[in-house]
Amino acid sequence: MRRLALPVAIAALLALGGVVLLELVRPAAAPTQAQQAQQLARELRCPDCQALSVAESQTAAAANIRRQIVEQLDAGRTPEQVRAYFVARYGDWILLVPTSPFVWWVPVVAILVGVGVFAWWWRRGGVAVASALPAPGPGLREQVRDEVERLDV
Amino acid sequence: MIPTLGHLAVVIGLAATVYAAGAFILGGRSGDAAVLASARRAMYAAFALVAFACFAMVVSLLSHDFSVLYVARNNATTTPPFYSVISLWAALEGSILFWTLLASGWASLVLYRYRARLPALMPWVGATLALGTAFFFAVMAWPSDPFVRVTPIGLEGNGPNALLQNHPFMGLHPPLLYLGYTGMAIPFAFGMAALITRRTDEEWLAVVRRWTLVPWIFLTAGIVAGAWWSYAVLGWGGYWAWDPVENAALLPWLTATAFIHSSMVAERRGTLRTWTHALVIATFVLTLVGTFLTRSGVVNSVHAFTTSGIGAWFASAILVTLGVALALLVWRLPDLRDRRPPGAVVSRESAFVFNNVLFLGVTFAILFGTLYPVLVEATTGAKASVGAPWFNRVNAPIFVALLFLTGVGPALPWGGASWATVRERFAVPILSGVGVVVAAWALGVRDAAPLGIFGLATFVLVVMGDEVVRGAHSRARSRGETAPLAVLRLATRNRRRYGGYLAHVGICVMAVAIAVSATLGIDRTATLAEGETLSIGPYTLTYDKLVTEPLASDPRVIETRAELTLAGPQSGHMATALRDYPNSATAIATPVVRTALGEDLYVTLLGYNPDARTATLRIFINPLVMWIWTGGAIVAFGALFAIWPDRRRTAVAAAVAGA
Amino acid sequence: MRTRWLRWLLVPLLVVPVGWLLFTGLGHDPRLIPSPLVGKPMPAFAGTTLAGGQFSSAELAGKPAIVNFWASYCIPSCVDEHPVLLDLAARHVGELQMVGVLVNDTTDGARAFLARYGQVSWPNLLNADGGVSIDYGVTGPPETFFVNSQGIVVARHVGPLTAAVVAEELAALGIEP
């Protein structure tokens with residue numbers, strides 16, 4: 001019974017993952033216009049405040065842009081066209097997510113490099129392990145430390 | 001008179017810290033106890049002097065002494081006393097004065113507590129702390145003198161920044177944050193001293209762990225209080241905007257948290273020692289970067305102080321600190337070799353290593369996102385923005401992975417785990433997590449973020465619960481104690497471990513609250529006429545009337561408020577206002593928040609029409625928000641529990657020291 | 001060991017880029033955002049003015065023009081630049097056209113501002129829905145666009161105008177300051 005516990009748990013996890021995957025693969029309902037407007041508002045910077053999006057800000061300028069987004073979507077423009085409309089007027093600065101793919105790759109590469117460095121360290125068995133001894137000679141300090149370690153675990 | 005004395009105190013303080021730095025270095029080389037004692041006294045004197053300078057500034061603010069430029073710019077005759085006092089840290093020059101007070105306070109505390117201990121390390125700890133404090137005194141003596149006088153003396157001042165006098169939280173959030181920031185100089189000073197004296201053994205690690213956790217608690221509390229301030233004051237219904245200055249506070253917190261974990265590996269296994277040292281350096285340098293970002297005008301932020309000439313000073317300080325610290329580290333690399341090879345791949349240390357890679361990854365990502373506009377402008381001259389959508393998308397997966405490791409780490413033993421152990425420790429937690437996800441789905445939760453976080457948090461909590469139960473069970477059996485007593489004894493006898501668990505519980509609470517509030521909230525905007533009613537969720541909100549009148553506490557401020565009556569799970573009268581401050585171009589929103597265990601009702605007045613008496617309101621239902629603050633408090637309390645002095649452990653430490 | 005000295009490279013490898021980034025960052029003002037409109041035809045606008053009349057940007061055709069975005073709540077910047085604008089209008093009658101555009105302001109507020117700081121001879125568009133501000137990518141008042149006689153935007157200035165800024169931009173428009 002106890003032998004089966006982990007396989008059962010993993011099977012349950014995989015089943016759940018499968019359901020999630022099916023949900024993701026299944027074509028989602030096309031976003032409503034209100035959702036598109038909300039999404040656009042989240043991605044545009046409020047021109048007269050700091051670090052907030054048009055969706056979050058309460059300034060009049062943000063409200064005007066929110067209204068324009070809705071009007072332009074109503075007029076049949078695509079979200080890409082609306083985004084381009086604001087970029088043509090404010091510059092790339094208005095986009096809270098930069099267009100350069102570079103900004104997405106840098107963090108991913110950084111983490112992969114980090115994992116790589118530690119994998120290398122692991123395989124090498126540590127960086128220049130002090131002499132060949134597994135640990136310094138057993139002094140009183142070591143004994144007390146091991147004692148504390150045993151109590152703690 | 002008083003401002004002149006304050007300025008004099010700053011100048012003498014600079015001399016005292018420079019003397020202390022020199023005397024610590026000389027004493028460190030010669031071992032002369034008298035010289036070292038005089039250096040310590042010079043640092044205590046510097047603390048007393050800057051305390052006096054702060055006192056002089058507070059007196060000037062309270063007495064509205066407009067001959068002082070800082071007072072004329074940040075105070076008015078009508079400013080209430082409370083906001084006059086906290087104006088000490090509300091603008092650039094005063095905040096540096098306050099910063100210096102805290103930095104020299106921490107330095108004096110450490111030098112006093114360790115006056116008779118760690119004789120080899122302490123001179124160099126003192127020298128590092130004295131140099132750091134001297135830098136801030138020098139900033140006040142030259143580019144950012146808080147006591148600059150003006151003539152002719154105006155009859156009225158500008159008053160404090162409107163955003164800062166709108167909520168009493170301003171009295172709490174900056175001091176907590178500054179205590180955290182300034183305190184991170186202590187582990188750095190110990191790190192430098194350990195490298196200089198080649199005492200890079202477990203002794204310094206134990207001290208540095210404790211002295212990282214102390215400011216870490218303040219930094220945690222300061223960040224959470226800052227989020228709360230943003231939520232309660234700015235009126236946008238959120239609490240974290242990925243504003244550059246918010247990020248600046250998070251960066252040293254992340255590296256300090258990484259250090260808290262990696263130092264355990266260094267202490268127990270004798271590996272990751274260079275890495276642990278590097279984290280101490282990174283944490284301190286990032287606190288300086290944070291100061292630089294806030295005070296140099298390089299990035300746009302709600303928190304940015306007015307642009308000033310001190311940017312170059314801070315940039316130079318960052319470069320010197322980074323250069324010297326790195327050079328010391330490289331010089332002592334041979335001392336920091338691993339004491340034994342890393343353990344098996346499935347082991348607690350490997351979980352900790354992954355934890356560190358992810359913490360550093362998220363630190364790097366946030367630093368990169370924050371500085372990306374500066375980077376783009378420096379290379380192409382174009383302006384770019386990086387905002388919440390990018391930060392959320394990049395950081396959310398990393399934080400989720402970290403939450404997962406929170407459960408994995410404690411379940412695995414040091415050195416390596418057998419297959420049987422893995423099976424025993426993980427089966428029940430995984431099944432519980434899956435069960436909770438299915439149950440939440442059945443109850444109608446459909447968003448991926450809360451479902452995933454529910455599952456993960458359950459996994460983590462069950463792993464820890466299992467640990468506690470197993471430990472308490474064996475203790476209860478072997479000593480014949482009752483179960484609650486066994487749990488209590490277990491926790492108080494293993495403070496580090498169980499304090500850590502408590503902090504992890506707090507993290508789980510925060511994670512759930514953040515995921516739920518970010519996805520399951522409701523938000524509506526409506527323009528109502530007097531007497532009109534609006535329904536949102538289970539609430540009905542009636543807009544009674546519009547009132548415009550001067551604020552009782554400061555008649556120069558005109559408040560226009562919409563008075564509301566709320567019915568539903570919470571009910572009663574309330575008002576949300578816009579306040580016109582004479583020194584602010586736009587009116588400042590004063591949102592009203594009704595907090596309950598399950599959700600907050602949050603109403604902001606966006607605008608009003610004085611003729612038609614209509615009010616435009618934005619109403620949010622923010623679920624579980626109070627659990628974000630509560631989770632933060634649990635995290636801080638867990639860390640406090642972990643470092644609370646333990647009589648038995650102190651005895652063991654004394655035995656070690658005596659050996 | 002032969003390669004031991006290599007580890008010292010770590011110090012400059014970190015310090016130099018960080019220093020470069022920090023110090024070049026100091027040289028830039030995050031509040032100055034270049035306008036993508038420079039070099040392009042000015043966006044057209046039309047609407048009611050503060051005086052109650054109608055105004056269309058078509059009336060600006062053929063002569064250099066200045067489009068000034070301002071608001072009565074914008075203190076002290078708009079107050080500071082007001083005399084500069086008055087002086088500009090007085091000195092270049094006939095060769096330079098000016099138009100003001102209000103940014104999220106009330107009619108009463110704007111009238112009170114002009115009554116207090118000096119009436120102006122040029123039209124001021126109410127811009128009630130903020131559409132003109134969006135078309136010009138205005139981040140906040142005051143902001144001023146310089147347009148040449150072909151209707152092409154040649155420059156944008158963010159913040160209060162000063163005599164020195166005006167002189168420089170007018171020279172670019174081909175007008176003797």
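Start by selecting A:Trp105, A:Val108, A:Val109, A:Leu112, A:Val113, A:Val117 and A:Trp120: together they make a nonpolar surface patch with about 720 Å² of accessible area. Patch members have over 30% relative accessible area and no salt bridge, with nonpolar side chains (Val, Leu, Ile, Met, Phe, Trp, Tyr) joined within 5 Å; areas are Shrake-Rupley values with a 1.4 Å probe, and for residues only the protein chains shown count as cover. A:Val113 sits in helix H5 (residues 102–124) of chain A; helices are DSSP runs (H or I, at least four residues), numbered from the N terminus.

A word on the ground rules: this is a predicted model, where local features need pLDDT of at least 70 and side-chain atom pairs count only at pLDDT 80 or more, while totals for chains, interfaces and linings use all residues. Residues are numbered from 1 along each chain as its sequence is written, chains are lettered from A in the order in which they are written, and side-chain values use heavy atoms, leaving out hydrogens and water.

Next, show chains A and C, where 16 residues of chain A are in contact (heavy atoms within 4.5 Å) with 15 of chain C. Now pick C:Asp135 and A:Arg89, whose side chains meet in a salt bridge at 3.1 Å, N to O; the term means a Lys or Arg side-chain nitrogen within 4 Å of an Asp or Glu carboxyl oxygen.

Finally, select A:Glu43 and A:Arg83, a salt bridge with its closest N and O atoms 3.3 Å apart. A:Glu43 lies in helix H2 (residues 33–43) and A:Arg83 in helix H4 of chain A, so the pair ties together parts 40 residues apart in sequence.

Conventions. Patches are made of residues with over 30% relative accessible area and no salt bridge: like charges are joined within 9 Å, nonpolar side chains (Val, Leu, Ile, Met, Phe, Trp, Tyr) within 5 Å. Helices (H or I, at least four residues) and strands (E, at least two) are DSSP runs, numbered from the N terminus.
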